[in-house]
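Hi,

Here is the structure I promised to pass on to you.

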Amino acid sequence: MTTWQVESRGVYADGRSFDDFGVFEILEGRIRYAVDPTDPRNVGIVDLGYAPRDEDGYVRFSGDYTIVAPRDRPARKLLVDVPNRGRRLAFSALNRASPADLLENPCASGDGFLFRRGFALASIGWQWDVPVGLRLDAPEVLENGEPVEGDVVCRVQPGSDRPFVSFGQLGEVTYPPADLDDPMARLFVRDDDNAPLVEIDRRRWRFARDTEGVVEPSNRFIRLEAGFEKGRIYTLVYRARGARVTGCGLLALRDAAESLRSGEGPCPTASPMVLAFGASQTGRVLRHLLHLGLNTGSTGSQVFDGVHVHIAGGQRGDFNHRFAQPSSAGVAAAGQRFPFSGTVGRDPASGVSGGLYENLAHMPKVVITNTSFEYWRGDAALTHVSPDGTADLDPHPLERNYLFAGTHHVNGILPPTSTFAVTGEKARYTFNVVDHSSLVRAAFANLDAWVAQGRAPPDSRVPTLGEATLVERRVVLGKFAAVEGFEGLDPDRLGGLAALDLGDRADDGVCAFPAVEGFRYARLVSDVDDTLNELAGVRLPEVVLPIGCHTGWNPRHPDHGASELPAMFVGFSLFGGELAAREEVERRARKCVRGLVGARFILAEDAERVVARSLRVFDTARELGVTDSDS
């Protein structure tokens, strides 16, 4: 059961009319959920049976929402936007609202891409541990009426030498330690994700921080007697008290979508078609939702017709185990286990066969889009190759999979910089400048047409073993090593997914940490051509012409330690040698874009923008000292 509470309602975008769909309105408020823990549809949610129940036997919880929908008529279609750490995504990723506009209004309309196509947009809070933005109040886990205790694991890689560090995972600390003096708490260190964990003597560290020269106990920081060393990887395991049923966030997405689809929401959004969009963390949320089979409504009908999973790679995440931390990234836990692909494959570690979609009674159409970063992280190739890396998998008939060649996780960054704006940390080389946002919009539009009209998207474009474009990372790094003066990565120290032993209760969602890592799954990437640009995937003009060399990986800056390991989320762009004249670059860029429009990888409305961006990259290369061939 789902009940909608409206806290605010008003005209959207100052009454702007979006083509044939007229004026839209924006509503914000709370959704109250009631779920039956005995319902077979909910059986996969860890600890739901330990949540408090009302007199009717239901588990109740609530969360935030934002809806933008036509004011005077039902929407033709509904998009469920899965917020990333509380932040709405679709306004920027699909409507292309600018960062400046989003600072002023997090629901800025941008160019109205979604609304011009008749979509209502519902952003649904699902994550319970975010301090701001759209969130969920998930129920507690109680055994015999008392909060449970269990292990929590955190990963820290400091960018400078320092006496103490926060152990929050891309955010605040999710679960404070139950006992700051717990002698069983453990801290490990290693130099890379392939090295063995080395435990640090408990007497050498404590839950504490320095404040004005005084060491004070803290449930947010750990202090090491000899200090933390920049670039080294520290793993903290401790006991916490008071878990939440994190998987209720997945139920919230399903049940809110079903309610809106059936017309039970606070505005006329009844729709014959429902899509979902998630990126990065929330792309992994959607993969997790599909793996649990959460696409069947209370009446037995389908909830989501189509799902766009962007920059999620081959992982799920910390979304459905006891003491899960939804913002966690890079920590080996339950969401990093087999299966990885929609097509059924065999796990060489366990001998078990399975696929991501095997629990679905209603299979939606799925579009997967990844940048080069997710391949270099070590897991995106697992969406289309066998776990041991020896065979290409047959494409799933209801899935399309695309690599955006020469791009990185955080999208292209201009003007050039090698410094993270928020943290001040640097990578070795200037961040990747290639803007893949137009490819995202076209992929989403193709999913829309696939569901609404039955028009299948273009065939998948990923690197494959059969075409000899899918290779070990060391093959590519060897080609970069031939460039005089270039400092790259150490292929033997690069991480990826591995078979995990999380203890005897892992299948029940109760994990023992740290995970014991076993068989290393395939960690493959696209090969590169003579210009060191990726051969496979969808290639934008900057890559095709080429205007520079563009990657999904970038070494950490020596100032921040571990310079042979990759910086998180970013690739690089390097410019050198001669460029064709600007007029010739524009001619060739237009030809490339015409081909991409014809192949449906770019929308006609975005074509000029893609050409203009490639020329801006050309101008940047010239400003950095690259010469024109006719000068």
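**What I found**

Start with isoleucine 124: leaving aside neighbours within four places in sequence, its contacts (heavy atoms within 4.5 Å) are Trp4, Ile31, Tyr33, Asp64, Tyr65, Val80, Asp81, Pro83, Leu134, Ala252, Leu253 and Ala256. A word on the source: this is a predicted model, where local features need pLDDT of at least 70 and side-chain atom pairs count only at pLDDT 80 or more, while totals for chains, interfaces and linings use all residues. Residues are numbered from 1 along each chain as its sequence is written, and side-chain values use heavy atoms, with hydrogens and water left out.

Back to Ile124. Together with Tyr238, Ile124 touches the most other members of the largest nonpolar core, which has 76 residues. (Such a core is a set of buried Ala, Val, Leu, Ile, Met, Phe, Trp, Tyr and Cys residues joined through side-chain atoms within 4.5 Å; buried means under 20% relative accessible area, exposed over 50%, partly exposed in between, with a 1.4 Å probe and protein chains only.) Helix H4 (residues 248-261) gives the largest share of this core, eight residues. There's also a second, separate core of 56 residues, including Val367 and Leu447.

One of the contacts of Ile124 is Asp81, which sits in strand S4 (residues 77-81). (Helices, H or I with at least four residues, and strands, E with at least two, are DSSP runs numbered from the N terminus.) Asp81 is buried but has no salt bridge, and the nearest side chain of opposite charge, Arg88, is 6.5 Å away. (A salt bridge needs a side-chain nitrogen of Lys or Arg within 4 Å of a carboxyl oxygen of Asp or Glu; Lys and Arg count as positive, Asp and Glu as negative, and His and the chain ends are not counted.) The side chain of Asp81 does reach the backbone nitrogen of Ala90, at 3.4 Å.

Now jump to Asn411, in the loop between strand S23 (399-404) and helix H7 (437-453). Why does Asn411 count as buried? Because its relative accessible area is 18%. Its side chain makes a polar contact with the side chain of Asp435 (3.2 Å). (That is a pair of N or O atoms within 3.5 Å; within protein, one must be able to donate a hydrogen and the other to accept it, and residues adjacent in sequence count only if both atoms are side-chain atoms.) A polar atom of the Asn411 side chain also lies 2.8 Å from the backbone nitrogen of His436.

Finally, the whole chain: 11 helices and 31 strands, with 60% of its 631 residues buried.

Cheers
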